[in-house]
Amino acid sequence: MKFKVEEKIMPPKEMIVGDPEAKVLIVEYGDYESAETAKIHSVVLQLLETYKGKIKYNFRHFPLTRIHQRSFKAAEAAIAAGQEGKFWEMHNILLHHQRNLGTISLKGYARDAGVTHKHFLDDLMNSKFGWYVRDDQMQAVDAGVTNVPAIFINGQRFERKPTLQNLSAAIVQALKSTKKVSQRA
């Protein structure tokens, strides 16, 4: 008798880039059709380079489905790609092509990102990863998020304009705070 092995799905909260041991975690809630989410993407890439080894970054999904009808499926596609370790490749492609996020385009982007799973399109059509997007949305709402991008640094909501300068200042402050905590321990 054969038993079907249940595959473990990696949720978005576990898809982190940067040094896993870093003391500073930046969490961004975003929407793949949002121009503001796309703008901040280049800032995040600069921060990851500037603070290499000191920060880690996690992108969570908060599709604004009332105004962006394709953002939810795009989020599902990113999570699906993440199951093959291709979340960040897909994430970058989606933000680059945010005006063209139809299902057929998503399949092409997945191929471009290096996704090889032959059931990618079926999984997308059947909303296999929809509950993971909903989970991100519910956690965002619980944290008071109403719009994107919404940024949290070590669990604290970042309220200023998310520019390179403002975020750098907040990261430096967070790094100082974590040093004080670790010195007391």
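Glu 89, Met 90, Ile 93 and Leu 94 of helix H3 touch Leu 106, Tyr 109, Ala 110, Asp 112 and Ala 113 of helix H4, contact being heavy atoms within 4.5 Å. By class, the residues of this contact are seven nonpolar, no polar and two charged; Ala, Val, Leu, Ile, Met, Phe, Trp, Tyr, Cys and Pro count as nonpolar, Asp, Glu, Lys and Arg as charged, and the others, Gly among them, as polar.

This is a predicted model, with local features requiring pLDDT of at least 70 and side-chain atom pairs pLDDT 80 or more, while totals for chains, interfaces and linings use all residues. Residues are numbered from 1 along each chain as its sequence is written, and side-chain values use heavy atoms, leaving out hydrogens and water.

H3 covers residues 87-96 and H4 residues 103-113; their axes come within 9 Å and cross at roughly 135 degrees. That makes H3 oblique to H4. Angles under 35 degrees count as roughly parallel, over 145 as roughly antiparallel, 65 to 115 as roughly perpendicular, and the rest as oblique.

Next, the other helix pair. H2 (residues 71-82) and H6 (residues 130-142) pack at about 110 degrees, axes 9 Å apart, and are therefore roughly perpendicular to each other. Phe 72, Ala 75, Glu 76 and Ile 79 in H2 meet Gly 130, Tyr 132, Val 133, Arg 134 and Gln 137 in H6. That contact has five nonpolar, two polar and two charged residues.

Last, burial. Phe 87 and Trp 88 are both buried, meaning under 20% relative accessible area, with exposed over 50% and partly exposed in between, for a 1.4 Å probe and protein chains only.

Definitions and conventions: Axes are lines fitted to C-alpha atoms, for helices over the stretch in contact, and angles run from 0 to 180 degrees between N-to-C directions. Helices (H or I, at least four residues) and strands (E, at least two) are DSSP runs, numbered from the N terminus.
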